[in-house]
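Happy to go through this one with you.

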Amino acid sequence: EWDKLCKENLELTVLRKRALEGELRASRFRSVIWRLLLGALTPGSSNIWSSEAEISRKHYSTLKKSLCITPCKQKEPNYDNPLSQHDKSTWHQYFCDKELRSLIRQDVIRTFPGVDFFRGEIVQEAMINILFCYARENPTMCYRQGMHEVLAPVLFVVHCDQQAFVHAQEQGYIRQDIVEMLNPEYLEEDSYTLFRRIMNAIEGSYLISNLEPTSTGHFPACSFAMSSSNENQVIAQLNWIKERLLAPTDPQLHNHLEKFDIPLPLFGIRWLRLLFGREFPLQDLLVLWDAIFADNKSFDLVNYIVVAMLVAIRNILLTSDYTASLTNLMRYPTTVDISNIIEYALHLKNPKRYKAPSKFYFTRNSAVIDGRNNFCKNHEHNRIKLSQMSSLKMKTESMNRIHTPTAPLDPNIIEGYALNDPEVLSVELRNAHTVMSLCRLKLLQYHHILEKVVPPNDAQAQQALTGIHELSSLLNTKKTTNTGINIDPAYEAGERLDSSTPHRTKPNSPINENELTRKPSVDMTVFKHVAIPISESDNDLYKSWKLL
């Protein structure tokens, strides 16, 4: 794979084709490929990659060192003291930097709550350092909420490539140029290089007209930030997508959103600012970013991805009321195939070159709805078995079964059960955790057996073993605990729309004692038999599998 990267031409023709077709999932050089696609490395000149990487790493280390202010060790002029408010005061800058770091830390500790990788102290400190250096190097942008979620996948990819390199190095000799490009000592430096390139392409989603950050990194409240005369770039971009792309592509869906008065900025600001980071699982998100980076450096494909995402769930939206439509847009369905999104976005951008996917929205029985129906039907048998462990009557009464035969068709109601019913979701979540635990145990068993027989010099087999181990780590449900942290949408001062602002209890409002003592709405005795801890022994594994 490294030899193929080194032999790529200046246009990166083969590499771009692989990225657009989603063939980089198993790549061990994804971070290097991203640097090539984003222009941080020169295509076709692999002999200078090491020197280019050294320059970018030195830039970050120099910047980071220059921003470390220790005023107590410096000579203090008469105007420079801890109480000084002078712009050139080192003490003033020191306190501003401290406040900015505190602001960044508040967001960093909430990054991907379900991914254990981002809970590590080293990773969080690296993210804080990178975001702080970017804010100080780019004062007009400074730090905006949402940037930490753009950095997170970048840091994850760089770390994974470096760890794969460390594992391969333990097996034998590695070429020196690979050693220099994937040196684990430069996690922050290489991540900063990629992050800065990405932010250069999407900075329009963060800039606000006539609004400058303060010296502490805060953006002051501005009542005219959303006015038509000072319309920021991201809203202008979303309006262009709506009128120039969505309306000609799907007039019926466009009129449906108009009818319910659902503006694209209500959900589209988050989509664009985070590069769809909250809409897809992490592994699918990386595939989507592969395609965005491979298309061109200006990320034009993003505009068409927004339309593709809307069209992919058009049948769900057209058969839903206002609340259900808004829910699906704010919490995008996870059943959508990311490859179909990419294929249709490419088709919208260049219909002569790229064909539309065969299964998308073109038939009335949308593949998306079929996927949701099949998902619920596969779990219906498990729900019935769980109901039989307790009173069937109590179970059916608690699951809000719909009995009205004349009710309009609703894609959120499948076989009489509401998809968003918390009790149904609880049962399905427990079943999913059980299956994940069983799969993890089997993968660990396979890994243990194969590790003894696979020769160390077989690179492909060793790579497969590494993949098995990574999959088993991802299936560890014990690590993905709910931290209970509320993640705010990526809106800034004055930008939040009234219809998207969630109701919150004021900090000084009294607490209702009844809420604290209220019994849970779900009778946990119904699910008690699926809460058996998974053991490593084959006997317990067999028992758990039979219960499932």
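Q: What makes the phi of Gly 22, after α2, positive?
A: In this predicted model, the phi of Gly 22 is near 75°, and this glycine follows helix α2.

Q: Why are the buried residues of α2 said to lie on the same side?
A: The buried residues of helix α2, residues 13–20, are Leu 15, Ala 19 and Leu 20. They cover an arc of only 130° around the axis, so they sit on the same side of α2. What covers them includes α1 (2–6), α3 (30–37), α13 (282–295) and α17 (338–349).

Q: Why is Arg 30 called buried?
A: Buried means under 20% relative accessible area. Arg 30 has a relative accessible area of 5%, so the label applies. This arginine lies in helix α3.

Q: How do you know that the side chains of Arg 30 and Asp 290 are joined by a polar contact?
A: A polar contact needs a pair of N or O atoms within 3.5 Å, and the one between these two side chains is 2.6 Å. Leaving aside neighbours within four places in sequence, Arg 30 is in contact with residues including Leu 24, Val 157, Asp 161, Leu 286 and Asp 290.

Q: What makes the phi of Phe 112 worth a remark?
A: Most residues other than glycine have a negative phi. Phe 112 has a positive one, near 40°. This residue is in the loop between α5 (90–108) and α6 (121–137).

Q: Is Phe 112 buried or exposed?
A: The cut-off for buried is under 20%. Phe 112 has 18% relative accessibility, so it counts as buried.

Q: Why does Val 453 count as exposed?
A: Exposed means over 50% relative accessible area. Val 453 has 60% relative accessibility, so it counts as exposed. This valine is found in helix α20, residues 422–453.

Q: What makes up the nonpolar patch on the surface that includes Val 453?
A: Tyr 446, Leu 450 and Val 453 form it, with about 290 Å² of accessible area together. Members of a patch need over 30% relative accessible area, and the 60% of Val 453 passes that.

Q: How much of the chain is buried?
A: Of its 548 residues, 46% are buried.

Methods
Residues numbered from 1 in each chain as written. Predicted model: local features only at pLDDT ≥ 70, side-chain atom pairs only at ≥ 80, totals over all residues. Heavy atoms only, no water. Patch = residues over 30% accessible without salt bridge, like charges linked within 9 Å, V, L, I, M, F, W, Y side chains within 5 Å. Areas by Shrake-Rupley, 256 points an atom, 1.4 Å probe, with all protein chains shown as cover. Salt bridge = Lys/Arg side-chain N within 4 Å of Asp/Glu carboxyl O. Helix = DSSP H or I, 4+ residues; strand = E, 2+ residues; numbered from the N terminus. Buried < 20%, exposed > 50% of the residue type's maximum accessible area, 1.4 Å probe, protein only. Arc of directions from axis to C-beta. Contact = heavy atoms within 4.5 Å. Polar contact = N/O pair within 3.5 Å; in protein donor to acceptor, adjacent residues only side chain to side chain.
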